[in-house]
Amino acid sequence: MKVVVIQGPNLNMLGVREQHIYGPMKLEQIHQNLENFANQNGFEVEFFQSNLEGELVDRIQECLGDADGIIINAGAYTHTSIAIRDAIAAVNLPTIEVHLSNIHRREEFRQKSMIAAVCAGQISGFGPFSYHLAMVAINQILAEINAMKMAQQAQQN
Ligand code: DQA
């Protein structure tokens, strides 16, 4: 099982940017914690960060046939990008939308997510722990899919 964690614009600036909103933890530390979780739970995790919308679309497309699930913090593109939404819909993999801040209690323009409707769910507002919760969620979803496939196979035999 492989999960790809995709990080959008300005998330490479975590630990420096607006610490009163996003906290002091750097992206590398968040990824290290996720890697530890994946190791403990027996799945593979890969990380990708880009400030460019097209590169994010490309990386989502590359997940097709290669990954089992996606965790994505699309940063500001969350609120604007139909291209990222379409890419998520196109690959049709279980996808969790993540935000460090609670986008629903921030400026009005952040309260709308273009990608929420094509994701399994949204986790928003728990700081770096949002990513951990997303890992727990994707782990559960993939386990359920696996169990369903096994049950179908057993029925066929
Ligand atoms: C964010 C929220 C977005 O509105 C913002 O543009 C970000 C980070 C979050 O994780 O809280 O870059 O996605």
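Contact here means heavy atoms within 4.5 Å. This is a predicted model, in which local features need pLDDT of at least 70 and side-chain atom pairs count only at pLDDT 80 or more, whereas totals for chains, interfaces and linings use all residues. Residues are numbered from 1 along each chain as its sequence is written, and side-chain values use heavy atoms, with hydrogens and water left out.

Helices (H or I, at least four residues) and strands (E, at least two) are DSSP runs numbered from the N terminus. R17 lies in the loop between β1 and α1 (19-22), and when its neighbours within four places in sequence are left aside, R17 is in contact with P9, N10, L11 and Y22. Q7, by comparison, has its place in strand β1 (residues 2-7).

For accessibility, buried means under 20% relative accessible area, exposed over 50%, and partly exposed in between (1.4 Å probe, protein chains only).

| Residue | Relative accessible area | Class |
|---|---|---|
| Q7 | 0% | buried |
| R17 | 18% | buried |
| N10 | 37% | partly exposed |
| N92 | 65% | exposed |

Most residues other than glycine have a negative phi. N10, although not a glycine, has a positive phi of about 75°, and N92, also not a glycine, has a positive phi of about 55°.

The side chains of Q7 and H31 are joined by a polar contact of 3.0 Å, a polar contact being a pair of N or O atoms within 3.5 Å, where within protein one must be able to donate a hydrogen and the other to accept it, and residues adjacent in sequence count only if both atoms are side-chain atoms. Not counting residues up to four places away in sequence, Q7 touches L27, H31, F48, Q49, S50, L56, N73 and Y131.

The axes of helix α2 (residues 27-41) and helix α5 (residues 129-156) come within 10 Å and cross at roughly 25°; axes are lines fitted to C-alpha atoms, for helices over the stretch in contact, and angles run from 0 to 180 degrees between N-to-C directions. Because angles under 35 degrees count as roughly parallel, α2 and α5 are roughly parallel to each other. In this pair, I30, L34, F37, A38 and N41 of α2 meet Y131, H132, M135, V136 and N139 of α5.

Terms used:
Parallel < 35°, antiparallel > 145°, perpendicular 65-115°, else oblique.
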